[in-house]
Amino acid sequence: MIALGQLLTDVDASVERTSTPDRARALSRLTDLFVRGADAFDAEQVALLGAVMERFAAAIEIEARIELADRLAGLGKAPSGLILKLADDEIAVARPVLVRSPRLDDAALVAVARGRGRDHMLAICEREMLSPLVTDVLVAEGDGVVRHAVAGNAGARFSSAGAARLVAFARTDEGLGEVLAGRGDLPEEAVRQLVAIAKARARRRL
């Protein structure tokens with residue numbers, strides 16, 4: 001079997017010799033192969049194909065990368081290295097994998113949120129489930145739009161510190177308070193503070 005290093009050297013040479021459209025077509029064929037056979041591939045085969053696909057993905061236009069990300073986003077055996085690179089790409093490319101890919105763990109999501117900013121954070125907020133480790137970062141480092149999005153995600157879970165920080169923001173953001181009031185999973189102390197904030201706001205209006 002050819003060594004991975006030699007294979008990637010050959011792939012790099014092939015990428016350099018071909019035009020951008022040809023690279024996109026080659027990657028599309030590789031993606032077809034992977035999607036059809038993903039369930040049958042072992043870890044070594046996934047890693048090998050992923051490494052080759054990464055080389056082509058780095059040398060194609062954004063439209064082709066968007067298509068690649070969309071096709072791989074829902075695959076449980078998608079190459080993790082390639083998924084990480086797509087998640088850290090421009091938002092049009094990153095969004096499908098940030099929203100749907102099961103291959104992104106909490107550490108990867110936190111790294112992307114901190115490194116890329118608001119648009120990537122908003123995509124992360126759309127994930128079906130979010131752990132307290134991720135929501136802590138979204139709440140602390142996101143803006144008001146991000147905080148509203150994560151607070152409105154029924155599958156998001158918050159640490160005591162994260163919930164307290166959201167409640168603190170709700171003191172000056174009535175809409176956020178309303179979103180939080182609709183949740184049934186906040187700590188009792190956070191709920192008590194939300195009630196107190198709502199009462200104080202009502203008194204001011206009177």
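Me: In which helix is Arg65 found, and what makes Arg65 count as buried?

Reply: Arg65 is found in helix α4, where a helix is a DSSP run of H or I with at least four residues, numbered from the N terminus. This is a predicted model, in which local features need pLDDT of at least 70, side-chain atom pairs count only at pLDDT 80 or more, and totals for chains, interfaces and linings use all residues. Residues are numbered from 1 along each chain as its sequence is written, and side-chain values use heavy atoms, with hydrogens and water left out. The relative accessibility of Arg65 is 13%, and buried means under 20% relative accessible area (exposed is over 50%, partly exposed in between, with a 1.4 Å probe and protein chains only), so Arg65 counts as buried.

Me: Which residues does Arg65 touch, when those up to four places away in sequence are not counted?

Reply: With contact meaning heavy atoms within 4.5 Å, Arg65 touches Ala57, Ile60, Leu86, Asp89, Glu90 and Val93.

Me: Which residues of α6 are buried, and what do they pack against?

Reply: The buried residues of α6 are Val93, Ala94, Pro96, Val97, Leu98 and Val99, and they pack against α4, α5 (80-87), α7 and α8.

Me: What makes the pair Asp70 and Arg100 a salt bridge, and which parts does the pair tie together?

Reply: A salt bridge needs a side-chain nitrogen of Lys or Arg within 4 Å of a carboxyl oxygen of Asp or Glu, and the side chains of Asp70 and Arg100 meet with 3.1 Å from N to O. Asp70 lies in helix α4 (residues 62-72) and Arg100 in helix α6 (residues 91-100), so the pair ties together parts that are 30 residues apart in sequence. Asp70, at 41% relative accessibility, counts as partly exposed, as does Arg100 at 40%.

Me: How many salt bridges does the whole structure hold, and is Arg183, a partner in one of them, buried or exposed?

Reply: A search of the whole structure finds twelve. In the salt bridge between Arg183 and Asp185 the closest N and O atoms are 2.9 Å apart. Arg183, at 14% relative accessibility, counts as buried, whereas Asp185, with a relative accessible area of 34%, is partly exposed.

Me: Why are Glu189 and Arg192 said to be about one helical turn apart?

Reply: The two residues are three residues apart in helix α13 (residues 188-205), which means a separation of about one helical turn. Glu189 is partly exposed at 39%, and Arg192 is partly exposed at 48%. Elsewhere, salt bridges that share partners join Arg65, Asp89 and Glu90 into one network.

Me: How do you know that α7 and α8 are roughly antiparallel?

Reply: The axes of helix α7 (residues 106-116) and helix α8 (residues 118-125) come within 7 Å and cross at roughly 150 degrees, the axes being lines fitted to C-alpha atoms over the stretch in contact and the angles running from 0 to 180 degrees between N-to-C directions. Angles over 145 degrees count as roughly antiparallel (under 35 is roughly parallel, 65 to 115 roughly perpendicular, and the rest oblique), and α7 and α8 are therefore roughly antiparallel to each other. Leu109, Val112, Ala113 and Arg116 in α7 meet Arg118, His120, Met121 and Ile124 in α8. The residues of this contact divide into five nonpolar, one polar and two charged, where Ala, Val, Leu, Ile, Met, Phe, Trp, Tyr, Cys and Pro count as nonpolar, Asp, Glu, Lys and Arg as charged, and the others, Gly among them, as polar.

Me: What makes α9 roughly antiparallel to α10?

Reply: The axes of helix α9 (residues 132-141) and helix α10 (residues 144-151) come within 8 Å and cross at roughly 150 degrees, and that makes α9 roughly antiparallel to α10. The contact is made by Thr135, Leu138 and Val139 of α9 and Val146, Arg147 and Val150 of α10. By class, the contact of α9 with α10 has four nonpolar residues, one polar and one charged.
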